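Colleague: Could you bring up the model so that we can go through some contacts and then the pockets?

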Amino acid sequence: MTNPSLLILAGDGIGPEVMEQVKRVITWYGDKRDLKFDVSEDLVGGAAYDKHGVPLHDDTMARAQEVDAVLLGAVGGPAYDDLDFSVKPERGLLRLRKEMDLFANLRPAQCFDALADFSSLKQELVAGLDIMIVRELTSGVYFGEPRGIHMEDNLRVGVNTQRYTEAEIERGARAAFELAMKRDKKLCSMEKANVMESGILWRDVVTEVSADYPEVELSHMYADNGAMQLVRAPKQFDVIYTDNLFGDILSDCAAMLTGSLGMLPSASLGLPMANGRPKAMYEPVHGSAPDITGQGKANPIACILSFAMALRYSFDEGAEADRLEAAIEKVLADGARTGDLMGPEGGTPISTVEMGDVILAALDASL
Ligand code: IPM
Ligand code: MG
C-alpha cells in the first residue's frame, strides 16, 4: 500500500517558518508511529508570484487536486500590496479553495486552560470554551457574479454579488449538522434574513435540513447579533454555521476570544475522492505576519494543530490527533510561550524552533 500524500504549500511571511516545525512533527509520526506520508512541496502566494508571475501555478493546482491533503502556511505581505488584483497572493488561496471545491471550512475556537488569562475577555467567560465555526467557503460574495469596478455616469462603481444556491447552503449545512452530532448537538445558523434575500433562503434551507437531524437543537441568529453574542457569552455556542463573508469576520472574532490568533487551526473540506477521503486543505487561521517574519518568533502551534486536524479528518487517526493536541496542551501547561503568548504574567519567550523542540519532546513522552 502506498503512503498517503501531502502537498505542503508554505507560502509567504512566517508560513515557511511555522511549516518547518510541522515537517518535524510529520517526520516524528513516520519514525515513531509508523505513520508515513509522501510529502511534496511547492509555492503559493507571493512566493509563487516571484517565481512564476502568478500566485498559483497550474501544475501546483493540478498537484493539489491529486494529493490526499494540502497543508498551507500563509499568503501575502507588503511587497505584494500594489500588485494587480488578479495576481495578488490571496488569489492563489482562493483558487485552491474554489477549484478543489472546499465548501466546508471548519474553524474551531478552543481556549486552552493555560491561556485562559490571555483573552481580552474575563477569564470565566472563556475558560473551557470550545466552539466550532463552519464557514461556507466556495460561494457567496467572495465569488458571486457580477463583480468588478465600472463607470456609471462618470462615477466609479464597485460591485460584488452575494449569491447562494440552495444546494450550496444545503451541503455546508449537512457538514455542520454532522459535526454537531459528534459534539454537543447544538447548531446556531447565522445570516441577515432581516435584510438579505440570500439570508431568507439560508434560513429556510438550514431549517429543511434540520428535519434529518432531529437530535440537534437548531437556532437562528442575525449575524450582527451573533458577533455581539460571541463577545458577550461565547460559551452559549457549540457549532455555528454561516456564509463565506460572515464566517470570515466571525471566525476572527471567535479566534481572538482564545487569547492569540497564533493558536487556531482550520480544515477546509470538500467532496469525497475515489479513495473515500475528502478533498482537503489545512491551514492556520493566522496570516503571514510580516512584522515578525524571519525573526524566529512565530508561534507554530496553529500550523501544527492544523496537521492534527488532517490526522483526524483526512486520515482517520483521531487517537493520534488527540495525542498531538495533548502534547501541545502539556507544553502550554508547563509554561512554554512564544512571543504572542506573553500574557499578563510576562516571561521570556521561546523561539519557533524551541516550541517545536518541546512539542516533539512531549510527543516522545506520550509513548
Ligand atoms: C481567511 C483569510 C482569507 C479570507 C484571505 C487571506 C483571502 O482572511 O482565511 O480568513 O478572506 O478568506
Ligand atoms: Mg479571515
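Colleague: What do the side chains of D248 and R135 meet in?

Modeller: In this predicted model, the side chains of D248 and R135 meet in a salt bridge, with N to O at 3.8 Å (a Lys or Arg side-chain nitrogen within 4 Å of an Asp or Glu carboxyl oxygen). D248 lies in helix α9 and R135 in strand β5, so the pair ties together parts that are 113 residues apart in sequence; helices (H or I, at least four residues) and strands (E, at least two) are DSSP runs numbered from the N terminus.

Colleague: How should I read the numbering and the confidence limits?

Modeller: Residues are numbered from 1 along each chain as its sequence is written, while chains are lettered from A and ligands numbered from 1 in the order in which they are written. Because this is a predicted model, local features need pLDDT of at least 70 and side-chain atom pairs count only at pLDDT 80 or more, although totals for chains, interfaces and linings use all residues, and side-chain values use heavy atoms, with hydrogens and water left out.

Colleague: Is R135 buried or exposed?

Modeller: R135 is buried, with a relative accessible area of 1%, whereas D248 is partly exposed at 26% (buried is under 20%, exposed over 50%, partly exposed in between, with a 1.4 Å probe and protein chains only).

Colleague: Which residue joins R135 in a polar contact of 2.8 Å?

Modeller: That is N244, whose side chain is joined to the side chain of R135 by the polar contact of 2.8 Å (a pair of N or O atoms within 3.5 Å; within protein, one must be able to donate a hydrogen and the other to accept it, and residues adjacent in sequence count only if both atoms are side-chain atoms). N244 is in helix α9 and, at 0% relative accessibility, counts as buried.

Colleague: And how many salt bridges does the structure hold?

Modeller: The structure holds 24 salt bridges. One of them joins D130 and R183, with N to O at 3.3 Å; D130 lies in strand β5 and R183 in the loop between α6 and β8 (186-191), so this pair ties together parts that are 53 residues apart in sequence. D130 is partly exposed at 35% relative accessible area, and R183 counts as partly exposed at 22%.

Colleague: Changing topic, what does R63 form with E66?

Modeller: R63 forms a salt bridge with E66, the closest N and O atoms being 3.1 Å apart, and the two residues are three apart in helix α3 (residues 58-66), which means about one helical turn separates them. R63 is partly exposed at 29%, while E66 is exposed at 54%. T60 also lies in helix α3, where it is buried at 2%, and its side chain makes a polar contact of 3.1 Å with the side chain of D42.

Colleague: Now the pockets: what volume does the largest one have?

Modeller: The largest pocket has a volume of about 990 Å³, and of the 37 residues that line it, the closest to its centre are L106, M132, L179, R312 and Y313. On a 1 Å grid over the protein atoms alone, a pocket is an open set of points where a 1.4 Å probe fits, with protein on both sides within 12 Å along at least five of seven lines, and lining residues have an atom within 4 Å of a point. Grid points are joined across faces, edges and corners, and the volume is the space filled by probe spheres set on them.

Colleague: Where does the largest pocket lie, and what kinds of residues line it?

Modeller: Domain 1 (1-109 + 260-367) and domain 2 (130-257) both give residues to its lining, so the largest pocket lies between them; the bounds come from an automatic or database domain assignment. Its lining divides into 21 nonpolar, five polar and 11 charged residues (Ala, Val, Leu, Ile, Met, Phe, Trp, Tyr, Cys and Pro count as nonpolar, Asp, Glu, Lys and Arg as charged, and the others, Gly among them, as polar).

Colleague: Which residues are closest to the centre of the second largest pocket?

Modeller: The second largest pocket has a volume of about 470 Å³, and of its 26 lining residues the closest to the centre are V75, E90, L93, R97 and V285. The largest share of that lining, five residues, comes from α4.
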